[in-house]
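Subject: Structure handover

Hello,

Here is the structure for your files. Please open it alongside this note.

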Amino acid sequence: MPEAAWRAGLPDLRTLIVGGDVCSAELVDRWAPGRRLVNSYGPTEATVVSTWSGPLAAGSGAPPIGRPIPNTRVYVLDEALRPVPVGVAGELYVAGVGLARGYLGRPGLTAARFVADPFGPAGGRMYRTGDVVRWTGDGELRFLGRADDQVKVRGFRIELGEVESALRRSPQVREAVVAVRETAPTPEQPSGGKRLVGYVVPAPGASPTAASLRDALGRTLPSHMVPSAFATLDALPLTAHGKVDRRALPDPDPAPVTTGAGHVAPRTPMERRIADIWADVLGLERVGVEDNFFDLGGDSILSIQVVSRARQAGLRLTTKDLFAHQSVAALATVATAERDEGPAAPVTGSLPLTPIQRWFFATHTVNPRHFNQSTLLELHQEPDEKALEGALAALLVHHDALRTRFTEDGGEWRSHVPEPEAGIDVLDHHDLSGLPAREADAAMEKAVDALHAGFDLGRGPLLKAALFRFGAGRRPFLFLTAHHLVIDGVSWRILLDDLDIAYQQGARGEPVDLGSRTTAFRDWARGLAEHVASGALDHETDHWCGALDARPLPVDHRVASPGAEIRTVPVELGERDTEALLRSAPTAYRTRINDVLLAALALALSRWTGQERVSVELEGHGREDILDGVDLSRTVGWFTTMYPVSFELPDIPEGGPADWRGLVKSVRRRLRTVPGNGFGFGALRAFGPPELRERLSRQGAGPQIVFNYLGQWDARSARSQGGLVHAEHGSFGQDHDPREGGSHLLEVVGAVQDGRLGFTWRYRPDVHERATVEAVAGDFAEALRRIAEDCRGAV
């Protein structure tokens, strides 16, 4: 091709299809204008092209690799060959008529890469590409990198190629490579940890510093993808074949880069212990003594974890202390050393049903014994079974709520906590080695569903576990399930920490010691009933009676009584928008994440209903500082609160409010008028005078949509590395009886997982069409993206 034509941009070229390597945004910006530019993808093993995009436009960023071409099928699967949800990274598999038969003369490699296709016709095969992709909401694939380039640091999956690409876009950098380096063992992390290191070759005349590189990356990447250390090289080390020799990369300075020009390192042992705990809970490399907990992404749920970890470290403080003293330096002035009060006897005795337990028995009448929470844990290696069984037994002794029994007498439910029983084994064992992956997964799911359905509320225990082994080549899994009556989202964090501690102690042959107990669930339930009976919450009566005045939601189908069938619509934000909402919004708006989420929800509901006033039932963690002398930071139980709240929104134009900050602040002001973070509504409905209980429990009164934000499940720190658990995979199996309908027409439940904020909208298909729910959920997600964009511009 003549040089002049190339430099002129080939103005007569009408269609250009690119492939063979990653297509960058810069390439699209240069070649898309004035022609049809298509990004294609495909390995040689699938006869060159497997997917391609639609026509690309300049300024649209890194392009997708599109959809499969005709007669080609593509799957995005996890390690167990299960399809992953939209937005979740997985490995790409290709099938169809273009697939090669294998590698000539290499049967072993052929068997490893061309595997049976469990989704296609009998006898079909699919090719394992080794490429990591994810589906977008528009049904297109986005290339993320190679599977062997994906790493996990501090609980976050990171594509090294994405970080390297961002570094190379800096005008200060000519070449860049990113690698993971092990950190030295410490008393807090005996097995060491991991950190991300950037190696850069400066551009001619440039002298990049760690601070300037971190600042540049921070504009486009989430904080967990920004390297904590940098090394400047004259040239990247290369192998004889011209590829980067990662093994020859030098170790950087062991001291991590500071968090910025304003970073002030801890000066006292107390400040150092608190800063370490914050960094641990928030998943940060380090924390300065003047950093604000909530500006760093902290929230009320994470504040409970901080208090819990502080107790483990021998420090006494409360969540109220953390809200009043929001920097390390300030908190260090009120934290005190924990007194060792010695082992306490197991808690036993009768206790009143708590407000949320009373609500449960009133609304779940079909099969109350089948309503659970669970988690599926991928273990690092084959566990010490004796230590694991001992750790699970220790949980039942230490956390009295797990031993609670519930019995019905004359239509009334009662609860009591018996003495710990010797010899109770809650762990089932399943050896699935030798089974093909699909059969093993099916067997695991069948066993899990049997555990879910097998609880006896009157006999207990209400915690069960199952260990699944698959043989060489696949890590074992530990499944845990507990009836929701005795556990909640915050409790799982406590339980998994204690499980790991007890297991490690048992594996070392030491006696299990989970430390001193916080306030027993039994004592809290008794104290709450006495608190309400004393009239301490009577002043909230008028507020809660008025809060039940809520307009009904629009419906697509009117039914006398909604059926039990539930369907779901998921929505998810990208890592960059999630990072902005968690880290930038608190600084930009001087507010907290819940205010932002509810502002977006209120806007979406207002547009849907056509009303300026919208009502929502909110779920909270319920561990409020209401009773004197109570510490629930390490107490397991179901503390959830539910309460109604209404928001008044002005008439907002179709394109969104001109002032997003004003919208968020109006929601925040409304939430600040709710007494006691909503604690009193359920308490008065459960323990108030009879006539008040009847008013607050009227059938059909209150909002028809419930909202629950579960917090940041990613914020499990490096302390879990080298422990029992390799990865947490969330709930698994049929955790509730499908005949039980929900308590609301719509339920919106969300959390941060793998660096992304996601929400599931649950709806009744006999009341609402899927398209209706998709539209409202889409408005909600778009409002969050617009708020994230506004936050980035404000910081």
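This is a predicted model: local features need pLDDT of at least 70, side-chain atom pairs count only at pLDDT 80 or more; totals for chains, interfaces and linings use all residues.

Residues are numbered from 1 along each chain as its sequence is written, and side-chain values use heavy atoms, with hydrogens and water left out.

**Domains**

The chain is divided into domain 1 (15–147), domain 2 (151–232), domain 3 (279–337), domain 4 (349–517) and domain 5 (553–674 + 700–713 + 740–793). These bounds come from an automatic or database domain assignment. Between the C-alpha centres of domain 3 and domain 4 there are 29 Å. Their contact (heavy atoms within 4.5 Å) takes 6 residues from domain 3 and 7 residues from domain 4.

**Nonpolar cores**

A nonpolar core here is a set of buried Ala, Val, Leu, Ile, Met, Phe, Trp, Tyr and Cys residues joined through side-chain atoms within 4.5 Å. Buried means under 20% relative accessible area, exposed over 50%, and partly exposed in between (1.4 Å probe, protein chains only). The largest core has 80 residues. F647, F707, F759, W761, F780 and L784 have the most contacts inside it. Helix α17 (residues 593–609) supplies the largest share, 11 residues. Domain 4 and domain 5 both give residues to this core, so it lies between them.

Take L784 as a way in. Beyond four places in sequence, L784 touches L573, L581, V596, L597, A600, L757 and F759.

A second, separate core has 49 residues, including F361, I487, V490 and A502.

**Helix α18**

Helices (H or I, at least four residues) and strands (E, at least two) are DSSP runs, numbered from the N terminus. Helix α18 spans residues 660–672, 13 residues in total. From first C-alpha to last, α18 reaches 19 Å, close to the 18 Å expected at 1.5 Å a residue. That expected span is 1.5 Å times one less than the number of residues.

W660, L663, V664, V667, R668 and L671 are the buried residues of α18. They cover an arc of only 135° around the axis, which puts them on the same side of α18. The arc is taken from the directions from the helix axis to the C-beta atoms. At the start of α18, a side-chain oxygen of D659 comes within 3.2 Å of the backbone nitrogen of R661.

T220 sits in the loop between α5 (210–218) and β14 (229–232). T220 counts as partly exposed, at 36% relative accessibility. Leaving aside neighbours within four places, T220 is in contact with A166, R169 and R576. A166 is 54 residues away along the chain, yet the C-alpha atoms of T220 and A166 are separated by 7.6 Å.

Q734 is in the loop between β28 (725–728) and β29 (746–753). Q734 is also partly exposed, at 33% relative accessibility. Not counting residues up to four places away, Q734 touches H370, D449 and H452. A polar atom of the Q734 side chain lies 2.8 Å from the backbone oxygen of H736.

Outside four places in sequence, H364 touches W359, F371 and E740.

Best wishes

Notes. A polar contact is a pair of N or O atoms within 3.5 Å; within protein, one must be able to donate a hydrogen and the other to accept it, and residues adjacent in sequence count only if both atoms are side-chain atoms.
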